[in-house]
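User: I have a model to go through with you. Can we talk pockets and interfaces?
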Amino acid sequence: MTLVQQIITIAMCAVGTMLTRFLPFLVFSSKKPIPKYVDYLGRALAGTVFGMLIVYCLKDVNVLQGSHGLPELIAIIVVIALHLWQRKMLLSVAGGTVCYMLLVQLVF
Amino acid sequence: MKQQKTVILSALKAAFPHTIPIMASFLFLGMTYGIYMNVSGFSFVYPMIMSVVIFGGSLEFVAVQMLLSTFAPLQTLIMSILIQARHLFYGLAMLDKYKNTGAKKPFLIFGLCDESFSINCSVDIPNGIDKGWFMLWVTWLNQLYWFTGSTLGGLLGSFINFNTEGLEFVMTAMFVAIFVDRWKKEHHHYTSLIGVIISAVCLVIFGAESFMLPTMACILCVLTVFRKPIEKSLEGSGDEK
(Lines give C-alpha, C1' and ligand atoms only; values in the text may rest on other atoms or scores of the structure.)
Protein backbone atom coordinates (compact mmCIF):
# COMPACT_ATOMS: atom_id res chain seq x y z
CA MET A 1 0.00 0.00 0.00
CA THR A 2 1.21 3.50 -0.79
CA LEU A 3 1.01 6.24 1.81
CA VAL A 4 -2.07 7.74 0.15
CA GLN A 5 -3.79 4.36 0.14
CA GLN A 6 -2.97 3.95 3.83
CA ILE A 7 -4.43 7.35 4.60
CA ILE A 8 -7.61 6.48 2.69
CA THR A 9 -7.88 3.15 4.53
CA ILE A 10 -7.57 4.86 7.92
CA ALA A 11 -10.03 7.54 6.82
CA MET A 12 -12.55 4.85 5.82
CA CYS A 13 -12.28 3.31 9.30
CA ALA A 14 -12.86 6.73 10.85
CA VAL A 15 -15.80 7.52 8.55
CA GLY A 16 -17.44 4.14 9.25
CA THR A 17 -17.07 4.62 12.99
CA MET A 18 -18.35 8.18 13.02
CA LEU A 19 -21.32 7.22 10.86
CA THR A 20 -22.45 4.74 13.52
CA ARG A 21 -21.91 7.31 16.28
CA PHE A 22 -23.50 10.35 14.64
CA LEU A 23 -26.36 8.76 12.69
CA PRO A 24 -28.95 8.58 15.50
CA PHE A 25 -28.28 12.22 16.42
CA LEU A 26 -28.50 13.36 12.80
CA VAL A 27 -31.73 11.49 12.13
CA PHE A 28 -33.40 12.65 15.34
CA SER A 29 -32.29 16.23 15.72
CA SER A 30 -32.95 17.92 19.04
CA LYS A 31 -35.02 20.65 17.36
CA LYS A 32 -37.90 18.33 16.62
CA PRO A 33 -39.43 16.18 19.36
CA ILE A 34 -38.18 12.60 19.31
CA PRO A 35 -40.87 10.15 18.12
CA LYS A 36 -42.44 8.22 21.01
CA TYR A 37 -41.30 4.88 19.64
CA VAL A 38 -37.66 6.04 19.34
CA ASP A 39 -37.77 7.55 22.82
CA TYR A 40 -39.01 4.21 24.15
CA LEU A 41 -36.30 2.32 22.22
CA GLY A 42 -33.65 4.59 23.70
CA ARG A 43 -34.80 3.98 27.25
CA ALA A 44 -35.20 0.24 26.74
CA LEU A 45 -31.83 -0.07 25.00
CA ALA A 46 -30.04 1.62 27.90
CA GLY A 47 -30.97 -1.44 29.97
CA THR A 48 -30.40 -3.99 27.24
CA VAL A 49 -26.98 -2.90 26.04
CA PHE A 50 -25.02 -3.84 29.17
CA GLY A 51 -26.03 -7.50 28.95
CA MET A 52 -25.00 -7.37 25.30
CA LEU A 53 -21.64 -5.81 26.20
CA ILE A 54 -20.88 -8.51 28.77
CA VAL A 55 -21.53 -11.23 26.19
CA TYR A 56 -19.46 -9.24 23.66
CA CYS A 57 -16.52 -9.19 26.10
CA LEU A 58 -16.80 -12.93 26.64
CA LYS A 59 -17.30 -13.88 22.99
CA ASP A 60 -13.89 -15.52 22.58
CA VAL A 61 -14.14 -17.69 25.68
CA ASN A 62 -14.27 -21.35 24.72
CA VAL A 63 -16.27 -23.45 27.19
CA LEU A 64 -15.37 -26.70 25.45
CA GLN A 65 -11.59 -26.37 25.56
CA GLY A 66 -8.73 -25.14 27.72
CA SER A 67 -9.94 -23.75 31.01
CA HIS A 68 -13.61 -24.11 29.94
CA GLY A 69 -14.33 -20.50 30.85
CA LEU A 70 -13.89 -21.24 34.55
CA PRO A 71 -11.62 -18.25 35.33
CA GLU A 72 -14.15 -15.92 33.69
CA LEU A 73 -17.05 -17.53 35.55
CA ILE A 74 -15.29 -17.37 38.94
CA ALA A 75 -14.15 -13.77 38.43
CA ILE A 76 -17.64 -12.67 37.37
CA ILE A 77 -19.11 -14.28 40.50
CA VAL A 78 -16.50 -12.37 42.55
CA VAL A 79 -17.49 -9.08 40.88
CA ILE A 80 -21.20 -9.71 41.51
CA ALA A 81 -20.60 -10.74 45.13
CA LEU A 82 -18.35 -7.75 45.86
CA HIS A 83 -20.79 -5.39 44.21
CA LEU A 84 -23.83 -6.72 46.05
CA TRP A 85 -21.86 -6.50 49.30
CA GLN A 86 -20.22 -3.07 49.11
CA ARG A 87 -21.60 -1.54 45.91
CA LYS A 88 -18.37 0.32 45.24
CA MET A 89 -17.54 0.30 41.55
CA LEU A 90 -13.76 0.49 41.93
CA LEU A 91 -13.61 -2.24 44.57
CA SER A 92 -15.75 -4.62 42.50
CA VAL A 93 -13.79 -3.98 39.31
CA ALA A 94 -10.36 -4.18 40.95
CA GLY A 95 -11.28 -7.25 43.00
CA GLY A 96 -12.64 -9.13 40.00
CA THR A 97 -9.71 -8.21 37.78
CA VAL A 98 -7.03 -9.17 40.33
CA CYS A 99 -8.88 -12.44 40.93
CA TYR A 100 -8.96 -13.13 37.19
CA MET A 101 -5.28 -12.29 36.72
CA LEU A 102 -4.26 -14.62 39.55
CA LEU A 103 -6.44 -17.38 38.12
CA VAL A 104 -5.10 -17.21 34.55
CA GLN A 105 -1.48 -16.65 35.61
CA LEU A 106 -1.18 -19.11 38.48
CA VAL A 107 -4.01 -21.63 38.46
CA PHE A 108 -5.18 -22.33 34.91
CA MET B 1 -14.99 33.86 34.08
CA LYS B 2 -13.67 32.62 37.41
CA GLN B 3 -16.96 30.93 38.13
CA GLN B 4 -16.89 29.11 34.82
CA LYS B 5 -13.45 27.75 35.73
CA THR B 6 -14.77 26.37 39.03
CA VAL B 7 -17.67 24.69 37.24
CA ILE B 8 -15.28 23.01 34.81
CA LEU B 9 -12.82 21.92 37.48
CA SER B 10 -15.42 20.53 39.86
CA ALA B 11 -16.90 18.53 36.97
CA LEU B 12 -13.44 17.12 36.27
CA LYS B 13 -13.00 16.22 39.93
CA ALA B 14 -16.36 14.45 39.96
CA ALA B 15 -15.74 12.65 36.66
CA PHE B 16 -12.18 11.38 37.17
CA PRO B 17 -12.87 8.63 39.78
CA HIS B 18 -15.43 7.05 37.46
CA THR B 19 -12.81 6.72 34.73
CA ILE B 20 -10.13 4.95 36.79
CA PRO B 21 -11.08 1.41 35.63
CA ILE B 22 -10.98 2.70 32.07
CA MET B 23 -7.59 4.30 32.63
CA ALA B 24 -6.21 0.90 33.64
CA SER B 25 -7.86 -0.81 30.71
CA PHE B 26 -7.08 1.76 28.01
CA LEU B 27 -3.46 2.27 28.99
CA PHE B 28 -2.98 -1.48 28.87
CA LEU B 29 -5.02 -2.23 25.76
CA GLY B 30 -3.74 0.88 24.00
CA MET B 31 -0.15 -0.20 24.69
CA THR B 32 -0.92 -3.68 23.38
CA TYR B 33 -2.33 -2.12 20.25
CA GLY B 34 0.64 0.22 19.84
CA ILE B 35 3.07 -2.66 20.26
CA TYR B 36 1.12 -4.72 17.75
CA MET B 37 1.40 -1.91 15.20
CA ASN B 38 5.08 -1.46 16.00
CA VAL B 39 5.94 -5.12 15.48
CA SER B 40 3.81 -5.10 12.30
CA GLY B 41 6.25 -2.53 10.94
CA PHE B 42 4.43 0.77 11.46
CA SER B 43 5.86 3.93 12.99
CA PHE B 44 4.33 5.20 16.25
CA VAL B 45 2.67 7.96 14.21
CA TYR B 46 0.13 5.41 12.96
CA PRO B 47 -1.30 4.24 16.31
CA MET B 48 -1.06 7.84 17.55
CA ILE B 49 -3.22 9.23 14.74
CA MET B 50 -5.55 6.24 14.54
CA SER B 51 -6.22 6.35 18.29
CA VAL B 52 -7.56 9.88 17.80
CA VAL B 53 -9.46 9.70 14.51
CA ILE B 54 -10.96 6.23 14.93
CA PHE B 55 -11.00 5.84 18.73
CA GLY B 56 -12.49 2.37 18.72
CA GLY B 57 -10.42 -0.48 20.11
CA SER B 58 -11.62 -3.53 18.23
CA LEU B 59 -11.69 -1.82 14.84
CA GLU B 60 -8.18 -0.43 15.30
CA PHE B 61 -6.82 -3.94 15.81
CA VAL B 62 -8.61 -5.10 12.65
CA ALA B 63 -7.34 -2.02 10.80
CA VAL B 64 -3.75 -3.25 11.23
CA GLN B 65 -4.65 -6.26 9.11
CA MET B 66 -6.41 -4.05 6.59
CA LEU B 67 -3.33 -1.85 6.24
CA LEU B 68 -1.19 -4.92 5.63
CA SER B 69 -3.40 -6.40 2.90
CA THR B 70 -4.33 -5.02 -0.53
CA PHE B 71 -6.06 -1.67 -0.87
CA ALA B 72 -9.87 -2.08 -0.66
CA PRO B 73 -11.49 1.14 0.56
CA LEU B 74 -15.13 0.15 0.09
CA GLN B 75 -14.63 -3.16 1.87
CA THR B 76 -12.84 -1.30 4.68
CA LEU B 77 -15.76 1.11 5.03
CA ILE B 78 -18.34 -1.69 5.17
CA MET B 79 -16.26 -3.69 7.66
CA SER B 80 -15.93 -0.61 9.87
CA ILE B 81 -19.67 0.01 9.89
CA LEU B 82 -20.37 -3.66 10.70
CA ILE B 83 -17.82 -3.81 13.52
CA GLN B 84 -19.00 -0.51 15.01
CA ALA B 85 -22.74 -1.03 14.47
CA ARG B 86 -23.42 -1.32 18.21
CA HIS B 87 -22.71 2.42 18.52
CA LEU B 88 -26.08 3.03 16.85
CA PHE B 89 -27.69 1.71 20.03
CA TYR B 90 -25.59 4.02 22.21
CA GLY B 91 -26.71 7.01 20.16
CA LEU B 92 -30.36 6.05 20.51
CA ALA B 93 -29.94 5.54 24.25
CA MET B 94 -28.15 8.90 24.68
CA LEU B 95 -30.44 11.07 22.50
CA ASP B 96 -32.07 12.42 25.62
CA LYS B 97 -28.99 12.81 27.85
CA TYR B 98 -26.90 14.55 25.19
CA LYS B 99 -29.75 16.95 24.39
CA ASN B 100 -29.02 20.59 25.25
CA THR B 101 -25.27 20.10 25.54
CA GLY B 102 -24.61 22.79 22.93
CA ALA B 103 -21.09 23.04 21.60
CA LYS B 104 -20.03 19.99 23.62
CA LYS B 105 -22.38 17.71 21.70
CA PRO B 106 -20.15 16.93 18.68
CA PHE B 107 -17.28 16.03 21.02
CA LEU B 108 -19.53 13.84 23.15
CA ILE B 109 -20.74 11.98 20.05
CA PHE B 110 -17.27 11.78 18.49
CA GLY B 111 -15.91 10.03 21.59
CA LEU B 112 -18.95 7.83 22.23
CA CYS B 113 -17.09 4.52 22.69
CA ASP B 114 -18.39 1.55 24.73
CA GLU B 115 -16.74 2.83 27.90
CA SER B 116 -17.73 6.51 27.69
CA PHE B 117 -21.26 5.41 26.91
CA SER B 118 -21.31 3.05 29.90
CA ILE B 119 -20.36 5.77 32.35
CA ASN B 120 -22.40 8.61 30.92
CA CYS B 121 -25.43 6.37 30.62
CA SER B 122 -25.30 4.82 34.08
CA VAL B 123 -23.74 7.31 36.52
CA ASP B 124 -26.02 9.53 38.57
CA ILE B 125 -24.24 12.85 38.31
CA PRO B 126 -24.19 14.54 41.74
CA ASN B 127 -26.27 17.68 42.24
CA GLY B 128 -24.37 20.92 41.70
CA ILE B 129 -22.11 19.36 39.06
CA ASP B 130 -22.56 20.58 35.49
CA LYS B 131 -23.86 17.56 33.57
CA GLY B 132 -22.48 18.62 30.20
CA TRP B 133 -18.98 19.17 31.53
CA PHE B 134 -19.08 15.95 33.57
CA MET B 135 -19.94 13.89 30.49
CA LEU B 136 -17.42 15.75 28.36
CA TRP B 137 -14.62 15.10 30.88
CA VAL B 138 -15.50 11.40 30.99
CA THR B 139 -15.27 11.34 27.19
CA TRP B 140 -12.05 13.33 26.97
CA LEU B 141 -10.27 11.50 29.78
CA ASN B 142 -11.05 8.18 28.12
CA GLN B 143 -9.71 9.47 24.79
CA LEU B 144 -6.60 10.74 26.52
CA TYR B 145 -5.95 7.32 28.13
CA TRP B 146 -6.36 5.51 24.82
CA PHE B 147 -4.17 8.03 22.98
CA THR B 148 -1.44 7.83 25.63
CA GLY B 149 -1.46 4.04 25.71
CA SER B 150 -1.43 3.63 21.92
CA THR B 151 1.34 6.18 21.40
CA LEU B 152 3.51 4.75 24.18
CA GLY B 153 3.04 1.24 22.83
CA GLY B 154 3.99 2.40 19.35
CA LEU B 155 7.09 4.17 20.67
CA LEU B 156 8.35 1.47 22.98
CA GLY B 157 7.35 -1.44 20.77
CA SER B 158 8.61 -4.82 21.74
CA PHE B 159 11.01 -3.44 24.38
CA ILE B 160 8.41 -3.70 27.07
CA ASN B 161 7.73 -7.04 28.57
CA PHE B 162 5.52 -7.23 31.60
CA ASN B 163 3.22 -9.86 32.90
CA THR B 164 -0.20 -8.33 32.60
CA GLU B 165 -1.99 -11.45 31.40
CA GLY B 166 -5.64 -11.14 32.31
CA LEU B 167 -5.70 -7.36 32.81
CA GLU B 168 -8.12 -7.08 29.89
CA PHE B 169 -10.77 -8.49 32.22
CA VAL B 170 -11.07 -5.03 33.80
CA MET B 171 -13.59 -4.06 31.09
CA THR B 172 -15.74 -7.16 31.58
CA ALA B 173 -15.68 -6.55 35.34
CA MET B 174 -16.88 -2.98 34.88
CA PHE B 175 -19.75 -3.97 32.62
CA VAL B 176 -20.78 -6.71 35.08
CA ALA B 177 -20.75 -4.23 37.98
CA ILE B 178 -22.86 -1.72 36.00
CA PHE B 179 -25.20 -4.55 35.07
CA VAL B 180 -25.63 -5.42 38.78
CA ASP B 181 -26.27 -1.74 39.57
CA ARG B 182 -29.02 -1.53 36.99
CA TRP B 183 -30.46 -4.88 38.07
CA LYS B 184 -30.82 -3.61 41.65
CA LYS B 185 -32.61 -0.47 40.44
CA GLU B 186 -35.08 -2.27 38.18
CA HIS B 187 -38.42 -3.55 39.39
CA HIS B 188 -38.67 -5.88 36.44
CA HIS B 189 -35.63 -7.26 34.71
CA TYR B 190 -37.00 -7.55 31.19
CA THR B 191 -34.48 -5.29 29.46
CA SER B 192 -31.43 -6.67 31.27
CA LEU B 193 -32.49 -10.25 30.61
CA ILE B 194 -33.30 -9.56 26.96
CA GLY B 195 -29.76 -8.20 26.45
CA VAL B 196 -27.99 -11.19 27.99
CA ILE B 197 -30.19 -13.96 26.63
CA ILE B 198 -30.49 -12.77 23.02
CA SER B 199 -26.75 -12.03 22.79
CA ALA B 200 -25.84 -15.42 24.26
CA VAL B 201 -28.22 -17.33 21.97
CA CYS B 202 -26.96 -15.45 18.90
CA LEU B 203 -23.35 -16.06 19.94
CA VAL B 204 -23.99 -19.81 20.06
CA ILE B 205 -25.85 -19.82 16.72
CA PHE B 206 -23.74 -17.37 14.68
CA GLY B 207 -20.31 -17.62 16.34
CA ALA B 208 -17.99 -14.96 17.77
CA GLU B 209 -17.17 -13.36 14.41
CA SER B 210 -20.66 -12.49 13.23
CA PHE B 211 -23.16 -12.54 16.07
CA MET B 212 -23.48 -8.81 16.79
CA LEU B 213 -25.71 -7.81 13.85
CA PRO B 214 -28.20 -10.66 14.36
CA THR B 215 -28.15 -9.84 18.07
CA MET B 216 -29.01 -6.19 17.44
CA ALA B 217 -31.74 -7.12 14.96
CA CYS B 218 -33.30 -9.61 17.40
CA ILE B 219 -33.15 -7.10 20.28
CA LEU B 220 -34.96 -4.50 18.17
CA CYS B 221 -37.61 -7.06 17.17
CA VAL B 222 -38.23 -8.22 20.73
CA LEU B 223 -38.35 -4.65 22.08
CA THR B 224 -40.84 -3.72 19.37
CA VAL B 225 -43.09 -6.77 19.68
CA PHE B 226 -43.22 -6.62 23.49
CA ARG B 227 -43.31 -2.83 23.68
CA LYS B 228 -46.38 -2.63 25.92
CA PRO B 229 -45.17 -4.72 28.89
CA ILE B 230 -41.57 -3.46 28.59
CA GLU B 231 -42.59 0.20 28.46
CA LYS B 232 -44.74 -0.33 31.52
CA SER B 233 -41.86 -2.00 33.36
CA LEU B 234 -39.54 0.94 32.56
CA GLU B 235 -41.89 3.44 34.16
CA GLY B 236 -41.59 1.62 37.48
CA SER B 237 -37.81 1.59 37.53
CA GLY B 238 -35.89 4.02 39.64
CA ASP B 239 -33.44 5.68 37.31
CA GLU B 240 -35.42 5.84 34.10
CA LYS B 241 -36.34 9.52 33.88
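The chat below covers the pockets, then the chain and domain interfaces.

Analyst: Ground rules. This is a predicted model, where local features need pLDDT of at least 70, side-chain atom pairs count only at pLDDT 80 or more, and totals for chains, interfaces and linings use all residues. Residues are numbered from 1 along each chain as its sequence is written, chains are lettered from A and ligands numbered from 1 in the order written, and side-chain values use heavy atoms, with hydrogens and water left out.

User: What volume does the largest pocket have?

Analyst: About 1,300 Å³. A pocket here is an open set of points on a 1 Å grid over the protein atoms alone, where a 1.4 Å probe fits, with protein on both sides within 12 Å along at least five of seven lines. Volume is the space filled by probe spheres set on the points, which are joined across faces, edges and corners.

User: Which residues are closest to its centre?

Analyst: Y56(A), K59(A), D60(A), G57(B) and S58(B), out of 42 lining residues. Lining means an atom within 4 Å of a point.

User: How does that lining split by class?

Analyst: It has 25 nonpolar, eight polar and nine charged residues. Nonpolar is Ala, Val, Leu, Ile, Met, Phe, Trp, Tyr, Cys and Pro; charged is Asp, Glu, Lys and Arg; the others, Gly among them, are polar.

User: Where does it lie relative to the domains of chain B?

Analyst: Between domain 1 (2-167) and domain 2 (186-241), because both give residues to the lining. The bounds come from an automatic or database domain assignment.

User: And what is the volume of the second largest pocket?

Analyst: About 560 Å³. The closest to its centre, of 19 lining residues, are V55(A), L58(A), V63(A), A200(B) and L203(B). Its lining counts 15 nonpolar, two polar and two charged residues.

User: Switching topic. How much area is buried between chain B and chain A?

Analyst: About 7,200 Å², with carbon and sulfur atoms giving 76%. Buried area is the accessible area (1.4 Å probe) that two parts lose on being put together, summed over both. On the chain B side, F71(B), L95(B) and F169(B) lose the most, together 10% of what that side buries.

User: How many salt bridges cross it?

Analyst: Two. The rule wants a side-chain nitrogen of Lys or Arg within 4 Å of a carboxyl oxygen of Asp or Glu. R43(A) pairs with E231(B), closest N and O atoms 3.4 Å apart.

User: What about the two domains of chain B: what area do they bury?

Analyst: About 550 Å², 83% of it from carbon and sulfur atoms. L82(B), R86(B) and F89(B) lose the most in domain 1, together 65% of what that side buries. The rule finds zero salt bridges there.
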